[in-house]
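User: I am new to this structure and would like to learn how its features are read. Could you guide me through some of them, please?

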Amino acid sequence: MDSSVENNVKTVRRSKEEKKVLRKQLKASHTLLKHEGISTAAQPTKSLVVANGGLGNGVSREGLSAALKEMGEVETLVMPPHKPYAFVTYRSEESARNAHVHLNGQMLQCGENSVTLYLSYVESVTHEEETSVPLPEGLALVEDFVSPEEEAVLLSAIDWSSTNDDITAQKALKHRRVKHYGFEFRYDNNNVDKDKPLPAGLPDECLPVLERCVSNGHISMMPDQLTVNQYESGQGIPPHVDTHSAFEDTILSLSLGAKTVMDFCHPDGRVIAVVLPGRSLLLMKGESRYLWTHGITPRKFDMVPACDPPSPAGSRPDLGTQSGLTLSKRGTRTSFTFRKIRHEPCRCAFPSACDSQGAPSTPSLSLPPSPPTLPCCRADAARLEEEYVHRVYDAIASHFSNTRHSPWPHVCHFLTSLPPRSVLADVGCGNGKYLGVNPDVIAVGCDRSSALIQICAERGFHAFVSDALSVPLRTASCDACISIAVVHHFSTQERRLAAVRELVRLLKPGGRALIYVWAFEQEYNKQKSKYLKENNKEHHGNHIPSKNTSEDSQEPHGKSSIQISSHLEDSCRPHDSMTDVSRVTDGKLSVHTNRTAFNTQDLLVPWHLKEGKKRGDEESGDSGKKDKRKENGNTTQTSSSTVKSELESSPAPVFHRYYHVFQQGELEQLCAQVNGVKVQSSYHDQGNWCVILQKDGL
């Protein structure tokens with residue numbers, strides 16, 4: 001080839017690549033404006049917004065800062081919590097220009113993953129003022145309480161080589177490893193047998209530490225019970241309160257090894273995240289010990305301050321407003337929890353949470369202390385979904401995943417009907433149970449829960465964290481999309497419609513989308529759904545109503561009752577003829593009683609974290625599958641992070657998820673508002689309304 005022609009070809013290729021980057025940059029700017037209200041500037045400035053360069057994408061401050069500093073002197077770098085973008089301000093406009101030219105469309109490696117950065121100019125950078133929040137009353141954190149040498153001695157004192165040690169009541173739990181000294185904490189009744197001390201007392205290596213606690217005034221009595229927990233990266237413990245009747249007031253927790261973040265939750269909904277550095281001592285007494293729950297969300301990275309900002313005594317940085325955050329990769333953490341056995345009934349000042357004073361020993365299905373209301377604006381909707389959808393699924397991810405192992409038959413039929421090499425997007429993929437159904441298609445999943453995406457990655461699936469309203473995939477890039485049990489979690493009509501439009505945007509002309517939502521009509525054509533039928537099993541006896549929803553109600557072997565119509569008109573009733581069941585009392589959302597018919601469309605559905613041995617008894621459609629699960633024909637053990645009832649508390653934690661259950665015809669009407677698509681078929685499948693959409697051809 002002539003050299004001049006070759007150079008021209010290369011120029012054309014560069015030009016096409018530049019145009020591709022420009023298109024994606026403009027799309028990123030549009031997404032930021034649409035969903036975050038961030039306006040970009042046409043002319044160069046010293047400040048830029050870096051799309052895909054946020055903590056929410058798994059990008060660390062150190063990694064992004066290093067790339068940005070190569071372009072010039074950085075004045076400030078703001079990384080808002082949980083967001084997929086960051087802001088950078090350079091000392092000079094020239095440095096900002098360099099970054100805009102050289103970093104746009106560039107790949108940034110973040111550990112095992114990588115992201116593509118897209119930069120746009122902004123006039124100014126604003127962010128919430130960084131604040132400190134007071135610690136729960138009675139909570140104190142003493143950093144560097146033990147030296148590195150003492151830490152090594154304490155860790156070496158714990159022998160994990162034995163898998164069944166009766167002397168220290170060692171348990172090889174699926175969720176973590178645990179040893180008990182002095183007295184065994186029994187997870188079957190969430191208490192201790194005070195008349196049966198263990199042969200081994202507390203390790204001698206602990207004595208100097210405890211004597212220092214007494215001399216420093218942290219405790220007045222020497223503890224006689226020790227629980228040692230070892231957490232690997234990605235493991236955690238659900239929120240709980242240590243049983244009142246089992247232990248005295250002050251509880252000491254010594255963190256050794258890697259740092260972690262512990263969440264403290266008040267019954268009124270307040271949440272305070274506390275960073276626990278290695279070698280720190282946490283003291284819980286009074287209100288923080290008796291009333292606030294504490295727990296560790298299972299994940300592999302924590303958001304923590306990049307440096308230790310000064311905070312007033314008795315307070316901690318509010319991780320929800322901090323812009324100077326980074327990601328901290330979790331490692332192995334070992335906690336030593338010291339407690340004093342209680343021999344008299346508890347007479348604390350918190351009777352509503354005290355089992356000695358008549359507090360219920362089983363979870364209440366009443367509303368959360370501050371019942372949420374239906375949103376009246378976008379900001380309200382986002383806050384409701386963040387608290388009652390996103391945070392819940394991150395907290396229950398391991399347990400949730402272990403109840404999601406049998407793909408639904410009619411979803412499988414849709415997936416296996418796709419031609420080989422089809423591109424499939426599973427929007428709201430959860431633990432990825434549908435990503436491997438058809439090995440002949442190119443499947444990618446996304447979900448708002450980073451904990452569930454981590455499970456997908458561990459299973460070898462291609463998946464990424466994304467909001468269903470803004471999926472970072474090219475327009476018209478997919479032959480098929482599925483949205484299974486996702487749209488009903490959006491809290492306004494506008495957002496539910498936006499979720500459907502986003503699915504249609506991803507489809508190629510002629511492509512198809514399958515959507516499942518939970519149905520208000522759990523009894524249809526004189527047949528009760530599996531969800532309602534399961535209530536008969538729990539009506540007699542002492543079961544707490546199951547936490548599972550429509551996703552559990554599917555028949556696992558294709559026995560579901562399905563009603564199909566091929567035209568929209570056959571199943572879509574006029575909107576004004578629908579029964580108005582959407583009203584909620586005083587605007588407050590009510591808590592649904594599981595396994596019963598619905599009496600309102602907008603509600604909170606409880607999720608109970610259960611002991612693994614009991615779970616199989618309560619899940620519909622999956623009875624008898626307790627220890628092993630079938631995934632795509634392969635027998636696999638349940639996840640090592642299965643949540644057991646290993647909580648040092650009397651009640652099992654209860655989480656509430658927001659749902660909007662759909663009336664007959666409502667889903668079809670929603671889809672009819674989207675241009676360029678038609679409802680190919682619609683049907684009722686075991687308590688769910690379902691549609692198959694087809695995008696118009698060219």
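**Reading loops, sheets and buried residues**

Analyst: Let us begin with a loop. Pro439 lies in the loop that joins strand S24 (423–427) to strand S25 (442–447). Please keep in mind that this is a predicted model.

User: Is Pro439 buried or exposed?

Analyst: A residue counts as exposed when its relative accessible area is over 50%. Pro439 has a relative accessible area of 71%, so Pro439 is exposed. The C-alpha atoms of Pro439 and Arg421 are 9.2 Å apart, while 18 residues separate the two along the chain.

User: What is the order of the strands in the open sheet of three strands?

Analyst: The order is S32-S33-S36, and the pairing is mixed. Strand S32 (590–591) and strand S36 (654–660) are the edge strands, each pairing on one side only.

User: In which sense do S33 and S36 pair?

Analyst: Strand S33 (residues 602–608) pairs with S36 in the antiparallel sense, over seven bridges. Val605 stands opposite Arg657 in S36.

User: Which helix packs on the sheet?

Analyst: Helix H7 (residues 378–402) does, touching S33 and S36. The direction of H7 makes about 125° with that of S36.

User: Where is Asn688 placed, and is Asn688 buried or exposed?

Analyst: Asn688 belongs to strand S38 (residues 688–695). Buried means a relative accessible area under 20%. For Asn688 the value is 0%, so Asn688 is buried.

User: What does the side chain of Asn688 reach?

Analyst: The side chain of Asn688 reaches the backbone oxygen of Gln686, at 3.3 Å.

Conventions. Residues are numbered from 1 along each chain as its sequence is written. This is a predicted model: local features need pLDDT of at least 70, side-chain atom pairs count only at pLDDT 80 or more; totals for chains, interfaces and linings use all residues. Side-chain values use heavy atoms; hydrogens and water are left out. Helices (H or I, at least four residues) and strands (E, at least two) are DSSP runs, numbered from the N terminus. Buried means under 20% relative accessible area, exposed over 50%, partly exposed in between (1.4 Å probe, protein chains only). Two strands pair if DSSP finds at least two bridges between them. Contact means heavy atoms within 4.5 Å. Axes are lines fitted to C-alpha atoms, for helices over the stretch in contact, and angles run from 0 to 180 degrees between N-to-C directions. A polar contact is a pair of N or O atoms within 3.5 Å; within protein, one must be able to donate a hydrogen and the other to accept it, and residues adjacent in sequence count only if both atoms are side-chain atoms.
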